[in-house]
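Subject: Structure handover

Hello,

Here is the structure we talked about handing over. Please open it first, then read my notes below.

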Amino acid sequence: MQLETIERLDTGALVSAAQDGDAAAWERLVEEFTPMLKARIRRFRLGHEDAQDVLQTTWLLAWQNLKSVTDGQRMAGWLATIAFRECLKLTKRTKEICTPDLDSLGSTDDVDKELARAWLAGTLDELVEELPDAQRVLFRALTETSEPHYVDVARRLGRPVGSIGPTRARCFAKLRGLLQAREITRDFLD
């Protein structure tokens, strides 16, 4: 396929051509979607080198998995999802709190709420470190997934299933006490 033809094709056709090994089509996709990816990655407030690593990893994963794209018109969303997941992996690895670009939030109230959430996330990490070992391990096991099952958590931690609920209750009571000691109440969170 000639470059002149590619310039007139839509994203779906470019993806199809790139899947067939057309280097010019792939280059055009990279050229077209890199600005969007950079903007999305910037929202994570990564350092320049980390942002570049995420961008390169996103394109590498996209290249490696290009054959799995069945609807080329959804390329932007697919790439954005890859970049988002890579940003999350990086921030989790480096244990940094990721906050979106506050300028993109809009009103002052939105910015204040986002800053409060980011601060609270850091504070919660500190408070979890103050928990007794058994409660800290359980808290982390319960918060690793959105829907933890006591049976799975108990099996993974080598504990009886019946001990998970009471340990969780003690853990949350201790966290509530630590939050109250720092005068962080529901009013602060609203």
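Start with the surface. The accessible surface of the protein chain comes to about 12,400 Å². Carbon and sulfur atoms account for 51% of that area. Please keep in mind that this is a predicted model.

**Overall build**

The protein chain has 10 helices and 0 strands. Read from the N terminus, the order is α-α-α-α-α-α-α-α-α-α. The chain has 190 residues, and 32% of them are buried. I also looked at contacts between residues at least 6 apart in sequence. Of these, 55% join residues at least 24 apart.

**Salt bridges**

How many salt bridges does the structure hold? There are 5. Three of them are described here.

Take Arg140 and Glu129 to begin with. Their side chains meet in a salt bridge, at 2.0 Å from N to O. Arg140 sits in helix α7 (residues 133-143), while Glu129 sits in helix α6 (residues 108-130), so this pair ties together parts that are 11 residues apart in sequence. Arg140 has a relative accessibility of 39%, so it counts as partly exposed. Glu129 is partly exposed too, because its relative accessible area is 46%. The range for that class lies between 20% and 50%.

Next is helix α8. Arg155 forms a salt bridge with Asp152, and their closest N and O atoms are 3.6 Å apart. Both residues lie in helix α8. They are 3 residues apart, about one turn of the helix. Are the two partners buried or exposed? Arg155 is exposed, with a relative accessible area of 62%. Asp152 is partly exposed, at 41%.

Then there is Asp71 with Arg74. Their side chains meet in a salt bridge, 3.3 Å from N to O. Asp71 counts as partly exposed because its relative accessibility is 32%. Arg74 is exposed, because its relative accessible area is 62% and the cut-off for exposed is over 50%.

**Nonpolar patch**

Which residues form a nonpolar patch on the surface? They are Tyr150, Val151 and Val161. Together they have about 230 Å² of accessible area. Tyr150 lies in helix α8, which covers residues 150-157. That is the helix that also holds Arg155 and Asp152. Tyr150 has 32% relative accessibility, so it counts as partly exposed.

Best wishes

Terms used
Residues numbered from 1 in each chain as written. Predicted model: local features only at pLDDT ≥ 70, side-chain atom pairs only at ≥ 80, totals over all residues. Heavy atoms only, no water. Helix = DSSP H or I, 4+ residues; strand = E, 2+ residues; numbered from the N terminus. Buried < 20%, exposed > 50% of the residue type's maximum accessible area, 1.4 Å probe, protein only. Contact = heavy atoms within 4.5 Å. Areas by Shrake-Rupley, 256 points an atom, 1.4 Å probe, with all protein chains shown as cover. Patch = residues over 30% accessible without salt bridge, like charges linked within 9 Å, V, L, I, M, F, W, Y side chains within 5 Å. Salt bridge = Lys/Arg side-chain N within 4 Å of Asp/Glu carboxyl O.
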